[in-house]
Amino acid sequence: MDAFTYLVHGGVFANAQTGNVVLLGLHLAHGNLGQALHYFLPILAFAGGVFLAQEIRRVGDGWHHFHWRQGVLLLEVGLLALCLCADRGQADAWVNITVSFICSLQVQAFRKVHGHPLTTTMCTGNLRSTVEALIAWHRDGDLTARQRASHTLGIVLCFLLGAAIGVACIDALPQHAALALLLPISFLLIALALQCRLAQ
């Protein structure tokens with residue numbers, strides 16, 4: 001999704017907000033308030049998504065036969081489906097805000113894999129965790145650290161593969177680049193199906 005927002009909708013990173021915070025500061029320093037707003041709105045949307053995910057969790061704890069994370073996944077799918085309507089260069093601000101919102105829902109709702117902390121929308125923490133676990137495995141022979149390293153490294157490699165596939169899809173269909181979003185929508189639907197199966 002970061003490849004999509006960066007290449008198709010105005011050079012904005014929607015998954016992780018570090019780049020947007022830096023670019024916001026850069027444009028504020030140069031007095032470019034219009035451009036600063038371009039980067040501030042996705043940051044604001046990310047904060048709003050964290051708030052909404054917490055609210056969904058609070059309310060969803062009382063749901064029967066439906067886990068609150070399933071509600072988050074459905075919301076993500078619905079919002080990404082709306083982004084399919086915007087082609088290259090159209091509604092950049094709206095798409096970037098929406099994707100930032102979706103990513104904050106994701107990062108807030110899904111924070112562990114096999115009991116180990118992870119970040120689902122950015123790589124920095126996962127890279128750090130991979131190196132830490134590899135050191136613990138090499139130094140202490142800790143087999144759980146080796147397993148943790150393989151999980152977090154696998155996630156980082158999925159990011160790399162996802163970006164490459166996203167770029168390939170965008171390049172293959174330059175006039176219909178929004179169709180690249182069908183890939184993350186498909187993965188979200190698979191995750192939703194798995195959540196439903198686990199809930200049974």
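Contact here means heavy atoms within 4.5 Å. Keep that in mind as we walk through this structure, which is a predicted model.

His 116 is found in strand 2, which covers residues 116–117. Leaving aside residues up to four places away in sequence, His 116 touches Arg 111, Arg 148 and His 151. Is His 116 buried or exposed? Its relative accessible area is 16%, and buried means under 20%, so His 116 counts as buried.

His 9 lies in the loop between helix 1 (2–8) and helix 2. With a relative accessible area of 0%, His 9 is buried. What does His 9 touch, if we again skip residues up to four places away in sequence? The list is Phe 4, Ala 86, Asp 87, Gly 89, Gln 90, Ala 91, Asp 92, Val 95 and Asn 96. His 64 is another story: it sits 55 residues from His 9 along the chain, and their C-alpha atoms are 39 Å apart.

Helix 2 spans residues 18–29, and its axis comes within 8 Å of the axis of helix 3, with a crossing angle of roughly 155 degrees. Angles over 145 degrees count as roughly antiparallel, so helix 2 is roughly antiparallel to helix 3. Their crossing is left-handed. On the helix 2 side, the contact is made by Asn 20, Val 21, Leu 23, Leu 24, His 27 and Leu 28. Helix 3 answers with Leu 33, Gln 35, Ala 36, Tyr 39, Phe 40, Pro 42 and Ile 43. Sort the residues of this contact by class and you get 10 nonpolar, 3 polar and no charged.

Helix 3 has another partner to show you. The axes of helix 3 (residues 33–60) and helix 4 (residues 68–83) come within 8 Å and cross at roughly 140 degrees. Helix 3 passes helix 4 in a right-handed crossing. Which residues make the contact? Helix 3 supplies Leu 52, Ala 53, Ile 56, Arg 57 and Gly 60, while helix 4 brings Trp 68, Val 72 and Leu 75. By class, that gives 6 nonpolar, 1 polar and 1 charged.

Helix 4 packs against helix 5 (residues 92–109) too, at an angle of about 165 degrees and with the axes 10 Å apart. That makes helix 4 roughly antiparallel to helix 5, and their crossing is left-handed. From helix 4, the residues in this contact include Trp 68, Val 72, Leu 75, Leu 79 and Cys 83. Among those they meet in helix 5 are Trp 94, Val 95, Phe 101, Ile 102 and Leu 105. This contact has 15 nonpolar, 2 polar and 2 charged residues.

Time to check the cysteines. A disulfide is a covalent bond between the sulfur atoms of two cysteines. How many disulfides does the structure hold? The count is 0. Take Cys 103: the nearest cysteine sulfur is that of Cys 83, 10 Å away. The cut-off for a disulfide is within 2.5 Å, so Cys 103 is in no disulfide. Cys 103 is also buried, with a relative accessible area of 1%. Cys 169 is in no disulfide either, with the nearest cysteine sulfur, that of Cys 158, 15 Å away. At 30% relative accessibility, Cys 169 counts as partly exposed.

Leu 134 sits in helix 6, residues 124–140, and is partly exposed at 38% relative accessibility. Its C-alpha atom is 36 Å from that of Leu 74, which is 60 residues away along the chain. Leu 183 is found in helix 8, residues 182–199, and is partly exposed with a relative accessible area of 31%. Between the C-alpha atoms of Leu 183 and Gly 89 there are 20 Å, and along the chain these residues are 94 residues apart.

Conventions
Residues numbered from 1 in each chain as written. Predicted model: local features only at pLDDT ≥ 70, side-chain atom pairs only at ≥ 80, totals over all residues. Heavy atoms only, no water. Axes fitted to C-alpha atoms, helices over the stretch in contact; angles between N-to-C directions. Helix = DSSP H or I, 4+ residues; strand = E, 2+ residues; numbered from the N terminus. Left-handed = near helix turned anticlockwise from the far one by under 90°. Nonpolar A, V, L, I, M, F, W, Y, C, P; charged D, E, K, R; others polar. Buried < 20%, exposed > 50% of the residue type's maximum accessible area, 1.4 Å probe, protein only. Parallel < 35°, antiparallel > 145°, perpendicular 65-115°, else oblique.
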